[in-house]
Amino acid sequence: MAYGDFVVMRDLNFTVNRGEIFVIMGPSGCGKSTLLRHLIGLNEPARGEVWYGDVNFTQADPIARRRMVRHFGVLYQSGALWSSMTLAENIGLPLEEFTDLTRDQINEMASLKLSLVGLKGFENYYPSQISGGMQKRAGLARAIALDPHVLFFDEPSAGLDPISSRLLDDLILELRDSLGATVVVVTHELASIFTIGDNSVFLDPGTHTMGALGNPKDLLDHCDNPIVHRFLSRGDSQNPDAAPDKGNQAAAAKAAPSSVRSNG
Amino acid sequence: MREAVQSKTDTVGESPKLAVERTPSGLVIQLGGEWRLTRDLPQIAPVIRELQTTPLRKVTYDSRALTGWDSSLLALVDKISERCKQLKIEENRDGLPDGLRALLRLSEAVPDNEGARGRVSAPNFVAEIGGDFLGFMGGIGDFLAFFGEISIALGRFLRGKARFRGVDMATAIQDCGVRAFGIVSLISFLVGVILAFMGAVQLEQFGAAIYVADLVGVGMVRDMGAMMTAIIMAGRTGAAFAAQLGTMKVTQEIDALTTMGISPIEFLVLPRVIALFLMMPLLCIYADFVGVLGGAAVGAGMLNITMKAFLNEAMHALTLGGVIGGVVKATVYGVIVAVAGCLRGMQCGNSSSAVGEAATAAVVTGIVYIVVACGIFAVIFHILYI
């Protein structure tokens, strides 16, 4: 990953297994969100490829890509709701575009998705009329509008109070379990990392490459990279009870250099 | 040897002092007085000179005479430290205040990101001109490529494969149609008045004042109506398009569309381009009419030409080719304004200042390309005898 001559990260090579919650972690400015943008096709890698199952996403033509991204749900840092539309219209748009549902069915579906994130009754509100935390939840409702196969979260807890942040973590777990979706979360919130992460990659801004790969709790116990250990142990000392509640599903590194592989 | 570097005397408190002393064990940098950002600070150059010329390979600090300090002293010591590292001179900071040492440690905790710094290096003058020229040429390429993307989206729309919200287009039509009436009326009327005044002064000398109507009619309908409407729309609607799309880029709303498999070109750009494509000919015809009225007002008020005679003469001077040519020009200008506005909005960076820059660039691009198109039209119409 690079911006012009400036290399953000190199030699990234990891696999996200179907149905797991994969955390991209690291200090601020290390390139977590940039990596996410590469995974969802908003940025192109300077070298390397992103695969979804057996399909090479990076090399796919625009039409194939558009077909693939319909199975993605992305929650952006700011929520990124379309400001000129009500919450119901925001959630209804993807349904309108990609399904043959009637207007009434779309409205019902929008209400349902909003109720899943605790925003029932806010259908006719515009994004500017609700709080930042609510915008984020509405963004999540839009992300799950089409029951995506892969859900991406960019800093889901940013700007939220600890309780809302914890609720959002619970929601991510519930959505993963109920939708059976693969979840990729970009975060540096250590409480979230230990609560929801099945697997993780640590981006090291010093070496501009992966600092570690594996279950966050295992990394805390066994990783010999001092930077990773320091990063994770700070969180553990703040949250002594925090522990991953999902089984460890070890990541399988692929042979191809500079590739990111997701089996979602 | 002791070289004192005195600062200008200040009225409040003891002025900051900086001196370098050579001792057998190395250089001692003497710090004294009150170091504040608001004071006249001593120059660092003599210290650096001393560091470069001294055969001694060790630097220590003496801050016993220091009565106060802030970031100004931190910046000074930081510079000295940097130079010591470059010259491989050993530096001992024991003589500095504890707080200052802690801040220096903090500033050195994260290594300098050489790659990031390299990106902001200022090019020299020639490289800057070359870069600007390449940027301009690239801008034409970007414009044409973007126009191509819009054409493909339009093709998909006409085949029923692309969709956008009707309400978005209705809003755009309202915004660049009805809401532009006021400003278009005012400017067109005044342009008509100006043309008539300019013509009247000259033509009256030959007793040919009635031909002011010809001048205003032909001038407005063939060129000025379309041109002035386009410039108004570039400043008003083109900038608005760029700001709207730029803000959507900053708030990641465009990313959200893309990652949902919805083309922003089809969903956001196409309705805006179509709206302006439909409204510009209507606005142009309206502007032509108001402009001729402006000329007629001057004719009636200054030249004693009745409204009826003025309009008759103006109608007589007009040709169908001229009228259609004016409307065609306006339509093309409208597309240019819309494409330039949307292009700059889609190219917007990720900061609030980038939105302002996008709006400015949209207006500049729009007006430049309108004038270029006007020149091309002049040549084509000349060849076609229109």
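Me: What share of the 264 residues in chain A is buried?
Reply: Buried residues come to 46% of them. A residue is buried if 20 or more other C-beta atoms lie within 10 Å of its own, exposed if 12 or fewer, and partly exposed in between, with C-beta atoms placed from the backbone.

Me: Before I go on, what are the ground rules here?
Reply: This is a predicted model, where local features need pLDDT of at least 70 and side-chain atom pairs count only at pLDDT 80 or more, while totals for chains, interfaces and linings use all residues. Residues are numbered from 1 along each chain as its sequence is written, and chains are lettered from A and ligands numbered from 1 in the order in which they are written.

Me: How many helices and strands are there in chain A?
Reply: Chain A has 9 helices and 12 strands. Those are DSSP runs numbered from the N terminus, H or I with at least four residues for helices and E with at least two for strands.

Me: And how is chain A split into domains?
Reply: Domain 1 of chain A is 17-71 + 148-246 and domain 2 is 82-147. The bounds come from an automatic or database domain assignment.

Me: How far apart are the C-alpha centres of those two in chain A?
Reply: They lie 25 Å apart. Their contact takes 9 residues from domain 1 of chain A and 10 residues from domain 2 of chain A. Two residues are in contact if their C-beta atoms, placed from the backbone, lie within 7 Å.

Me: Which element gives the most on the domain 1 side of chain A?
Reply: Helix 6 (residues 162-179) of chain A, with 4 residues. That side of domain 1 of chain A divides into 6 nonpolar, 2 polar and 1 charged. Here Ala, Val, Leu, Ile, Met, Phe, Trp, Tyr, Cys and Pro count as nonpolar, Asp, Glu, Lys and Arg as charged, and the others, Gly among them, as polar.

Me: Switching to helix 5 of chain A, how many of its 12 residues are buried?
Reply: 10 of the 12, so helix 5 of chain A is mostly covered. Arg137(A) and Leu140(A) are among the buried ones.

Me: What do the buried residues of helix 5 of chain A pack against?
Reply: Their partners in chain A are strand 7 (72-75), helix 3 (87-98), helix 4 (103-116), strand 8 (150-154) and helix 6.

Me: OK, chain B. Which domains does it have?
Reply: Domain 1 of chain B is 2-113 and domain 2 is 148-383. Taken over C-alpha atoms, their centres are separated by 63 Å.

Me: What does helix 7 of chain B pack against through its buried residues?
Reply: Helix 8 (211-250) and helix 10 (264-302) of chain B. The buried residues of helix 7 of chain B include Val184(B), Leu195(B) and Ala200(B).

Me: How many residues of each chain are in contact with the other?
Reply: 14 residues of chain B touch 17 residues of chain A. Helix 9 of chain B supplies the largest share of the chain B side, 4 residues. The chain B side divides into 4 nonpolar, 6 polar and 4 charged.

Me: What about confidence, say the average pLDDT of chain B?
Reply: Chain B averages 88, and 94% of the residues score at least 70. pLDDT is the predictor's confidence in each residue, from 0 to 100. The model as a whole scores ipTM 0.80 and pTM 0.76.

Me: Where does pLDDT stay under 50 in chain B?
Reply: Over residues 1-9 of chain B. Where pLDDT is low, the predicted coordinates should not be read in detail.
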